[in-house]
Structures are given as structure tokens and as C-alpha cells.
Amino acid sequence: MTAYTAKRLPVHRGPAAWSAILGTQSPPVTLEHDTTADFVVVGSGFAGLSAARRLNQLQPGAKVVVLEAGRVAEGAAGRNSGFMIDLPHDLASDNYAGAGDDRVMINLNRLAIDFARSAVEEYDIDRNFFDPAGKVNGAASTTAEAHNRSYAKHLTSLGEDSQALDPQQMYELTGSRHYISGLYTPGTVMLQPAGYIRGVTAGLRAQGVPVYENSPVTGFERDGSGWAVRTEKGSVNTGTVILTVNGHLESFGIERNRLMQLFLFAAMTPELNSEALTKLGGQPRWGVTPSDPMGTTMRRIGTGQGGNRVITRTCAALRPGMTATARDLSRASRVMQRKFDQRFPQLAGMKMQYSWAGHLCLSLNGVSVAREIEQGIYSGCVQNGLGTARGTLTGIAAAEQASGHRSDTTRYFEAEDQPKRLPPQPFCEIGANAVLRWKEWKASEE
């Protein structure tokens, strides 16, 4: 193709709470002029900033420009649960065990974590935003407990450590009697995702990489041997465009009818006062993912991360239009309040301060789109619900491909198949949401 036009721009439902609890950012710098660059990165999430940083490492003399549709850390990067997971975490499975070569994926996930860790060190990012605390798969039913045992057996076959937790240990960790057991794995990093993203952005800017906010890319077209990238108020002429827009890849007409646009929902308490903290009990920081992937994720954060708060995440909706509805968020908020009250009856009825939707993108066959689309256009997209680690990896891969650099990361993504075509609409949306509701019901205790 010689031209790509964005059919849609990102629309978010609810505030990006992770960013909000850190306080206001400096006024945005918007692209309001025409300029040139060697590389243009579209998107400033985990993939985009990782791509920009990797380009700086591989092409230290090159001019790299990052264009962000909204504010840094207020898109998907500020709307996830903040788990940077090293182990297999297949959301389509019963117990997270992957169907492919898990050893390869574990090594790549740890490469992503090391890349993020080195960014924290290089840019002197607050260590509270990158906490290598591990995580727990919590089980609230005998079925979920069986999932944990199966997953632990799978991890043992891979030579990976895990530790079973009994009901008392889960209570001492979380302050909740809801869980009958847990499975602790040590390799996950608990991020304050907005804090990390803000920190990487500041580090890149200090190295001379401009990150323009409120500058949505409306399209780009062939211009001689390169590309002209258009925003609402300015443009960039460049030899190479790297798209790190996850599901919005489809907005540009790429992989049309092959990407599943999914929304998950989350809620966050107000900052807990001393009385509430005493009632809550448990440890000051922890993260619990459900043993059933369609269950409820819970997380507690503490001082240095935006205050003492509890985050609840559950419910899912497929929306091909890439926008969650007000009804979606209203329904999810009611469910999340119920899940919070079930787990913490000592705080039941506490009104959530923030509720929001987060946009994910999945493919039917679990592949990403991290490859050259055509000459001078590269993609680091489709994270399959694993954006902090997989996004970091696809960003690295896109930067390396654009620089002609070969690595285990590029070879992995280049060997992946194309995303499978989806069933026609409206059957895909209706059928997928019916399956999601059934899976939610089946995992209701979780």
C-alpha cells in the first residue's frame, strides 16, 4: 500500500487510575510543526517506549520521534494490573500453561523483565514502581485448586520453582478468608505501570528523544523513498515507521478481521486510612491472579506507589469498534464491588474511587504481529493480554527488525503465523461475548 489512514482513534472509558494517583504531569508537548526523523514510533506504551529505547541503543546517532495520541501513561499502559510475568500465562487455557515451547517464552519474558530493569537503573526510576515481589495464583474453590496443582506440575516439568500456600498463609498475605489455597511464583515483577512509563518517557526525553503527546497519527503515506506521518497539527517525514498501537493496528487497515478487541475492567479503592488498614490486615503489597484465567485479579499497593489501595480486576467484553460502552463499565463496576465485598467483608461497601476499562488485543491463535508490514513499516503489536512483558518484547523486536539486527527475539516473532481470520460479524461479537459470560459464570467463585 502507498497510504494508510486511521479509521478510529483511541477512546478510553473511565480514568487511568494508575496515572491519576501519581498526581498531575507536566503540560504536554504536542507536535505542531513539520519535522523529519530517521524513525517514527507511533504509541508510547510498553511497546513504543521499548522500541524507542532499543533504537537508541542500536542507532545512537539516529533521530527517533515518538507520537502519542493522548497523554503518556493514560492509555492501555496506565490501565492494566501491573503484572510483568515471566512464566507461561495463556489466558485461553484452564491453568495458564501454554501450548507451545514454554521454555522459549519464559526466556523471552525474562529478557523483557531484564530490559525493563535496566531502564529503571539507567533512568533512575523510583524502585517502588518496579517491585520484584512475585505473585500468587489464588484459589477459592476445589476446581481452581486443581488448576493450581496442574500448573505447579507443569512448572516442575520446566524446572521452575513454585510454593503452595495454605488458607492461613493466604489470609496472612491478603487479609482475606476467601482463598482456600494459593500458588506463589517468584519471578513476576509488580509494576506501578504509570510510574514506570512516566519514568521511561522522562529518561528518553533526557536522551534527546522527543515524545509528543496529544498528537494522534491520522495516517501516513509514501513520500519518495520514505513516509510522511500526519498528525492533526503537524507531520514527520521519515524513512521508517514503527507501529506500536496494539489493537489499533486494525484501525490502519492492517490485519483487518483478524484481531479480537477485548476490554477488561478494574476498580481501585480510595487511599485507605489507618482504621481501614487495621481492618484489612495482611501484607502491605501483594498481587493475586485467579487460578482460573476468567476469575478476579486482586492487588494491594502501598506507600510509594500512589497510596495504600486495593485494586480489583474482572469482567471482559469483546467490542470490535474498539470502545467499551458505558453499560459495559457500569455492569463491571457492580460485579467488581461484589467481588471486593466477598473478599474483604471487613471493608464491605467501601465505594471505589476509580473504575475504568482497559483495551487488550488478542488473536485466535495467540500470535503477535511483530514484523515488517511493507518496506519501511514495522509493527510491534497484538500482546494477547500480556502487554507489560509481551509489549516490551514486540517493541524490542520491531526496533531490531527496523535496524537490521537479528536476535532470538526477532527470530521468535518472525516465525509466528499470521493471526487467524475471525468469524464474520455480528456472529463473532455475539458468540465471543456469550462464551465470555459463560466462562465468567463458571469461574464465579474465583
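**Figure 1. Strands S16 and S17 are joined by 5 bridges.** Strand S16 covers residues 297-301 and strand S17 residues 309-318, and the two run antiparallel. Arginine 299 stands opposite isoleucine 311 of S17. Strands (E, at least two residues) and helices (H or I, at least four) are DSSP runs, numbered from the N terminus. The model is predicted: local features need pLDDT of at least 70 and side-chain atom pairs count only at pLDDT 80 or more, whereas totals for chains, interfaces and linings use all residues. Residues are numbered from 1 along each chain as its sequence is written, and side-chain values use heavy atoms, with hydrogens and water left out.

**Figure 2. An open sheet is formed by 8 strands.** Their order is S7-S8-S6-S15-S16-S17-S14-S18, with mixed pairing; two strands pair if DSSP finds at least two bridges between them. Strand S7 (163-165) and strand S18 (354-362) are the edge strands, each pairing on one side only. On average, neighbouring strands of this sheet are turned by 25° against each other, direction ignored.

**Figure 3. Helix H5 (residues 167-174) packs on the sheet.** H5 touches strand S6 (135-139), S7, strand S8 (181-185) and strand S15 (286-290), where contact means heavy atoms within 4.5 Å. The direction of H5 makes about 85° with that of S7. Axes are lines fitted to C-alpha atoms, for helices over the stretch in contact, and angles run from 0 to 180 degrees between N-to-C directions.

**Figure 4. Helix H8 (residues 326-343) lies across strand S14 (260-268), S16, S17 and S18.** H8 runs at about 135° to S17.

**Figure 5. Helix H2 (residues 46-58) packs with helix H9 (residues 387-402) at an angle of about 40°.** Their axes are 7 Å apart. H2 and H9 are therefore oblique to each other; angles under 35 degrees count as roughly parallel, over 145 as roughly antiparallel, 65 to 115 as roughly perpendicular and the rest as oblique. Residues in the contact include Phe46 and Leu58 of H2, and Gly387 and Glu400 of H9. By class, the contact has 7 nonpolar, 7 polar and 2 charged residues. Ala, Val, Leu, Ile, Met, Phe, Trp, Tyr, Cys and Pro count as nonpolar, Asp, Glu, Lys and Arg as charged, and the others, Gly among them, as polar.

**Figure 6. Helix H3 (residues 102-122) and H9 pack at an angle of about 85°.** The axes lie 9 Å apart, and the angle makes H3 roughly perpendicular to H9. Met105, Leu108, Asn109, Leu111, Ala112 and Phe115 of H3 meet Ala389, Arg390, Thr392, Leu393 and Ile396 of H9. This contact comprises 8 nonpolar, 2 polar and 1 charged residues.
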